[in-house]
Every structure is written in C-alpha cells, then in structure tokens.
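User: I would like to go through the aromatic contacts in this model. Could we take them step by step?

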Amino acid sequence: ASVECSQQEYFPFGQRLVPFEEVYFGSKEVLGKRGAKITLTFHLDFVPIPLETNLEDDPIEWKWIMKQSDFRSNPDFDISIEEVIWEYFNGSGWSRLFAGREYGDVFGIRNGMLSQQKTISFSCPMDMKPILVNSQETCYIRARILKINNMFKTKGQYIVPVLGNTAFS
C-alpha cells in the first residue's frame with residue numbers, strides 16, 4: 001500500500017529553524033503493519049530565507065573619514081539542520097526508530113543543495129501505537145531537530161528544507 005501527503009510542497013520544520021522542532025509522518029494503513037518493511041520517500045529541496053537583521057547591530061562604527069581597517073568583513077552564515085532524530089510512539093512515549101544515527105543527516109546540506117529524492121527504510125516497530133497529533137489519531141513517525149549549524153549567528157540566511165511527493169509504501 002502507498003499513502004501520499006495531501007500537500008504538493010511544504011516546509012516540514014517551518015521557515016525558521018528552531019531546535020526540537022518536529023515534523024510528523026502518519027499513516028494508520030502503512031504504519032499499522034507491525035514488523036513490515038516500510039519506506040518513506042520524498043523529494044527534498046532547499047530554499048534560502050534571509051535572517052531579519054537589525055541595522056542597529058551593525059559592527060562598523062561609521063565616521064566621515066575612515067581607514068581600510070575600519071571595514072571588517074562581517075560574513076554571512078548558512079543556518080541549516082545538522083542532525084535530526086527519528087522517533088515513533090510506543091504507547092507511553094516517543095522511542096528511537098533507529099538504534100544509531102541512521103538518516104540523522106537526511107536534511108543536512110553537506111551533500112549539496114541540489115534537489116534530490118530521499119528514501120528512508122525501516123522495519124515497523126512491533127510496539128508502534130497510534131497517538132493524537134493535530135486532532136488526528138493515527139500511527140506516526142517523526143523527525144525532530146537535534147542540532148542546527150550556525151544557530152546563534154545573527155547575519156546570514158536559513159537554508160530551509162522543502163519536501164514534496166511524500167509517500168509511504
């Protein structure tokens with residue numbers, strides 16, 4: 001069986017990256033088959049979204065006459081997801097879907113910012129249980145942001161993942 005997302009393209013973690021932000025992928029039909037081999041596929045792209053910077057934080061002290069050394073470079077930084085953790089609900093809490101860090105870097109930009117097709121494969125946990133998320137009770141897996149690159153930088157842009165063609169099988 002294959003189940004698709006109702007939205008064509010979406011920002012799984014919103015347009016501003018925040019630690020512990022999460023995205024849920026749910027399907028009672030597919031994730032209800034305990035022990036089955038499941039694949040989650042999606043098209044991954046990235047969009048740069050500029051930080052809203054405040055001009056009062058300008059590090060250059062402007063004067064009428066300035067020396068070359070007064071113009072320090074203030075580099076822009078790419079703020080991006082470094083690591084996520086994949087989890088499922090077991091009836092009493094959220095558990096790791098994988099024993100190690102498998103697919104933890106799936107939303108990272110190290111592999112380049114070109115659009116690409118991603119596939120996540122796993123065995124459906126034997127203790128998977130439905131849970132109520134956003135007024136819909138079903139079986140879910142979720143990806144939660146653990147680490148963000150350049151999180152405390154004040155100049156630059158968010159490199160935000162955009163997903164499309166999301167499907168379980």
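User: Which residues do ring pairs link into a cluster?
Analyst: Phe13, Phe25, Phe42, Trp86 and Phe107 are linked into a cluster by ring pairs. Rings of Phe, Tyr and Trp (its six-membered ring) pair if their centres lie within 6.5 Å; planes under 30 degrees apart count as stacked, over 60 as edge-to-face and the rest as tilted. This is a predicted model, in which local features need pLDDT of at least 70 and side-chain atom pairs count only at pLDDT 80 or more, while totals for chains, interfaces and linings use all residues. Residues are numbered from 1 along each chain as its sequence is written, and side-chain values use heavy atoms, with hydrogens and water left out.

User: How many aromatic pairs does the rule give?
Analyst: The count is 10 aromatic pairs. In one of them, the ring centres of tyrosine 24 and tryptophan 94 are 5.6 Å apart and the planes are at 65°, so this pair is edge-to-face.

User: And why is the pair of phenylalanine 25 and phenylalanine 42 stacked?
Analyst: Their planes are at 5°, with the ring centres 6.4 Å apart, so the pair counts as stacked.

User: Is phenylalanine 42 buried or exposed?
Analyst: Phenylalanine 42 is buried, at 0% relative accessibility. Buried means under 20% relative accessible area, exposed over 50%, and partly exposed in between (1.4 Å probe, protein chains only). Phenylalanine 25 is also buried, at 5%, whereas tryptophan 94 is partly exposed at 23%.

User: Turning to charges, what lies over the face of tryptophan 94?
Analyst: Arginine 142 does, at 4.1 Å from the ring centre. A charge sits over a ring if NZ of Lys or CZ of Arg is within 6 Å of the ring centre and within 35 degrees of the ring normal.
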